[in-house]
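Biologist: I have not looked at this one before. Can you walk me through it?

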Amino acid sequence: MPQAITKEDVVQIVGEITARGENPTVKAVRVALGNRGSFATLVPWVREAKAGLTAAPLPIDNPLVRA
């Protein structure tokens, strides 16, 4: 029996898809997970993971922060 998908799996996949410069859609995440997981489960986790990526604070050594 396949292992259950966790929120951490989804967050990791969203990060990997984003790092490749692609849009981490729910469908893309599901495909990356081997077509496992229901859309009802994945949608809130993908939204949360995407929100976490955009809400990341700027590093302190960023010149814009020092200005």
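**A first look**

Modeller: Start with Gly15, which lies in helix H1. This is a predicted model.

Biologist: Is Gly15 buried, exposed or partly exposed?

Modeller: Gly15 is partly exposed, because its relative accessible area is 26%, between the 20% and 50% cut-offs.

Biologist: How far is Gly15 from Gly52 in space?

Modeller: They are 9.9 Å apart, C-alpha to C-alpha, with a separation of 37 residues in sequence.

Biologist: Which residues make up the largest nonpolar core?

Modeller: That core has 11 residues, among them Ile5, Val10, Val29, Leu42 and Ala49. H1, H2 and H3 each supply at least two residues of this core.

Biologist: Which helix gives the most to this core?

Modeller: H1, with 4 residues.

Biologist: And Ile5, what is it in contact with?

Modeller: Setting aside neighbours within four places in sequence, Ile5 is in contact with Val10, Leu33, Arg36, Gly37, Leu42 and Trp45.

Biologist: New topic. What is the phi of Asn35?

Modeller: Phi is near 55° there, a positive value in a residue other than glycine. Most residues other than glycine have a negative phi.

Biologist: Where is Asn35?

Modeller: Asn35 sits in the loop between H2 and helix H3. Asn35 counts as partly exposed, because its relative accessibility is 48%.

Biologist: Last thing. Where is confidence lowest, and where highest?

Modeller: Helix H4, residues 63–66, is lowest at a mean of 58, and helix H2, residues 26–32, is highest at 97. The mean pLDDT of the chain is 86, and 78% of its residues reach 70 or more. Where pLDDT is low, the predicted coordinates should not be read in detail.

Note on methods:
Residues are numbered from 1 along each chain as its sequence is written. This is a predicted model: local features need pLDDT of at least 70, side-chain atom pairs count only at pLDDT 80 or more; totals for chains, interfaces and linings use all residues. Side-chain values use heavy atoms; hydrogens and water are left out. pLDDT is the predictor's confidence in each residue, from 0 to 100. Buried means under 20% relative accessible area, exposed over 50%, partly exposed in between (1.4 Å probe, protein chains only). A nonpolar core is a set of buried Ala, Val, Leu, Ile, Met, Phe, Trp, Tyr and Cys residues joined through side-chain atoms within 4.5 Å. Contact means heavy atoms within 4.5 Å.
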